[in-house]
Amino acid sequence: MAQYAILLYATAPADADDLTPEQREAHQRHADELGDAMLTAFALQPSTTATSIRGDAVTDGPFVDAKEVVAGICVIEAPDLDAALEMARRNPITQLGGGVEVRPVASGFVRG
């Protein structure tokens with residue numbers, strides 16, 4: 001099966017600590033629905049904690065100044081892009097004013 005990265009976008013600064021208990025429960029239900037298809041998932045610290053590097057310049061903040069920022073990422077296994085899109089479409093962030101981006105994973109590794 002192919003692997004797909006799902007990038008979760010939310011309104012900046014996208015602080016996971018600001019989620020209500022109901023929102024957290026919705027995300028947990030979605031993770032439970034995905035079951036073994038979800039290989040890994042991470043919520044990111046707020047975009048205000050980001051440090052970006054471009055060339056030799058190091059700056060505080062996310063790489064791009066935007067209204068929405070990457071709030072988290074998960075990697076799933078799916079038989080094809082259509083199945084991956086269906087899984088991603090059900091992510092609660094799409095109902096909370098955010099969105100998702102789905103990309104096939106080209107390669108990777110997990111350090112044990």
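1. Ground rules. This is a predicted model, where local features need pLDDT of at least 70 and side-chain atom pairs count only at pLDDT 80 or more, while totals for chains, interfaces and linings use all residues. Residues are numbered from 1 along each chain as its sequence is written, and side-chain values use heavy atoms, with hydrogens and water left out.

2. Largest pocket. Its volume is about 690 Å³. (A pocket here is an open set of points on a 1 Å grid over the protein atoms alone where a 1.4 Å probe fits, with protein on both sides within 12 Å along at least five of seven lines; lining residues have an atom within 4 Å of a point. The volume is the space filled by probe spheres set on the points, which are joined across faces, edges and corners.) There are 30 lining residues, and L8, A16, L19, H27 and I93 sit closest to the centre. Helix α1 gives the largest share, six residues. The lining splits into 18 nonpolar, nine polar and three charged (Ala, Val, Leu, Ile, Met, Phe, Trp, Tyr, Cys and Pro are nonpolar; Asp, Glu, Lys and Arg charged; the others, Gly among them, polar).

3. Second largest pocket. This one has a volume of about 160 Å³. Its lining includes Q3, L39, V75 and F109, and the count is five nonpolar, four polar and no charged.

4. Have a look at the cis peptide bond between A12 and P13, with omega about 5 degrees. A14 has a positive phi of about 60 degrees although it is not a glycine. A14 is also buried, at 11% relative accessible area (buried is under 20%, exposed over 50%, partly exposed in between, with a 1.4 Å probe and protein chains only).

5. S52. This residue of strand β3 (residues 51-54) counts as buried because its relative accessibility is 8%. A polar atom of the S52 side chain lies 2.9 Å from the backbone nitrogen of F63.

Terms used: Helices (H or I, at least four residues) and strands (E, at least two) are DSSP runs, numbered from the N terminus. A polar contact is a pair of N or O atoms within 3.5 Å; within protein, one must be able to donate a hydrogen and the other to accept it, and residues adjacent in sequence count only if both atoms are side-chain atoms.
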